[in-house]
Amino acid sequence: MINALRGMKDLTLEESERFVHIVTTAITIAKRYGYGYIETPILEETKLFKRSVGESSDIVGKEMYQFQDKGGNDVCMRPEGTAGVVRAFVQAKFDRQQSAKFKFYYYGAMFRYERPQKGRLREFHQFGCESFGEASVYEDFTIIQMIGDIFKALGIGYKLQINSLGCPECMPQYRERLINFLTECQEELCEDCNRRVTTNPIRVLDCKNEKCQSLLVNSPKLIKNLCDNCDSDFKKLVRLLESENIEYQIDTNLVRGLDYYNKTAFEFVSDNIGSQSAIAGGGRYDKLVEFLDGKPTPAVGFALGIERIMELVQMPTKEREGYYLGAMDEEAIDTLFPLASKKRKTDKVTLEYSPKKLKAHLKGADKVNARYCAVIGEDELNNGTIWIKDLVKKEETTISIDKF
Ligand code: HAM
């Protein structure tokens, strides 16, 4: 037997219904907020992710499904959706349009070669949204509100964590102050962080190592080092969240694992799914379009992890639906066959091809959760009728086939 690869899974039956329920709920809400669908390829040039997600990030440094294709191109299975959407945005020249404002949603498979564990897969699925052309912090708030609406519709509780990562005006100064602080205690930091002091010092802030976290207690904090513009936007975001009664926590160490963010960064976490608790994350990335050779265009977005949310979603109870059609002897099947085709134009229909006793058909109807079990036996065939049981009202009738 050939099994699926480690860290990759099949979704069937109840699980796949959960998946579809999450995606359709998210799509319904994203459309309300003005988002339209975008589909981009799973395979992209490796340099796209190096340039956007960042060479020093764990994703690019350790986790990419990267290989040479038969034409010798260096390609990579997307580890996330934003880079591809920005590439498509620039390639379609949407950035060249006057006051270009575009909102896209997407969902699909992402690939990261991480160590698999509960809630952490190598192939997983995201639903995401990217909004281009809005520099306003109102848009950051609106995206957070939309995610809240999605989780509410799915019946999921969460904690929202926010931070500001500053801008090219205030971030370099903060970076310097952080490097000075980290250099003082560099030898006590874990091996990864020791390296990060020179490659990507900001990432030291979200190291999970307890020793590193204890050393960071007195580190300079990002939100205390923002320029006036970033500071006032962050305060405005906080005011908007409070005015809409959206609970939040400020996490000064929230830096996200991808390098393209500036200003607003946020994560939604759940206490109920174990250590891989982030169910959605995102933020502003005003420089990425430019980085990928487009015209400067502000942008903000998020993605949620569908598999992690599947752990939390209660499916709505399924109402009985449609028809189960069965025959009690071979000849009746020829009569049922055109009836099934006709009924399928408007209703869900299951047609059982093997003749069976009535009891077995009732069982079959129950198994497919049909509302009606309709059966033709010898008597019905002679009289041109069909026997129907309403499995909700528990009522039985026999009607003419013409009326069915
Ligand atoms: P991210 O935080 O890397 O952000 O991923 C978003 C979500 O994907 C996470 O919160 C988590 O639920 C899920 N996820 C990530 N890795 C795994 C994994 N190995 N197994 C299962 N689920 C996982 C991004 O990807 C950004 N592109 C989000 C974004 C969009 N920012 C702006 N626009």
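Analyst: Glu330, Glu331, Asp334, Glu378 and Asp379 form a negative surface patch. This is a predicted model, in which local features need pLDDT of at least 70 and side-chain atom pairs count only at pLDDT 80 or more, while totals for chains, interfaces and linings use all residues. Residues are numbered from 1 along each chain as its sequence is written, and side-chain values use heavy atoms, with hydrogens and water left out.

User: Why is Asp379 called exposed?

Analyst: Exposed means over 50% relative accessible area, buried under 20% and partly exposed in between, with a 1.4 Å probe and protein chains only. Asp379 has a relative accessible area of 56%, so the residue is exposed.

User: How do you know that Arg371 and Asp390 meet in a salt bridge?

Analyst: A salt bridge needs a side-chain nitrogen of Lys or Arg within 4 Å of a carboxyl oxygen of Asp or Glu, and the N to O distance between Arg371 and Asp390 is 2.8 Å. Arg371 lies in the loop between helix 13 (358–367) and strand 14 (372–376) and Asp390 in strand 15 (residues 385–390), so the pair ties together parts 19 residues apart in sequence.

User: Is Asp390 buried or exposed?

Analyst: Asp390 counts as buried because its relative accessibility is 8%, whereas Arg371, at 22%, counts as partly exposed.

Definitions and conventions:
Patches are made of residues with over 30% relative accessible area and no salt bridge: like charges are joined within 9 Å, nonpolar side chains (Val, Leu, Ile, Met, Phe, Trp, Tyr) within 5 Å. Accessible areas come from the Shrake-Rupley method with a 1.4 Å probe; for residues, only the protein chains shown count as cover. Lys and Arg count as positive and Asp and Glu as negative; His and the chain ends are not counted. The place of a charge is taken as NZ of Lys, CZ of Arg, CG of Asp or CD of Glu. Helices (H or I, at least four residues) and strands (E, at least two) are DSSP runs, numbered from the N terminus.
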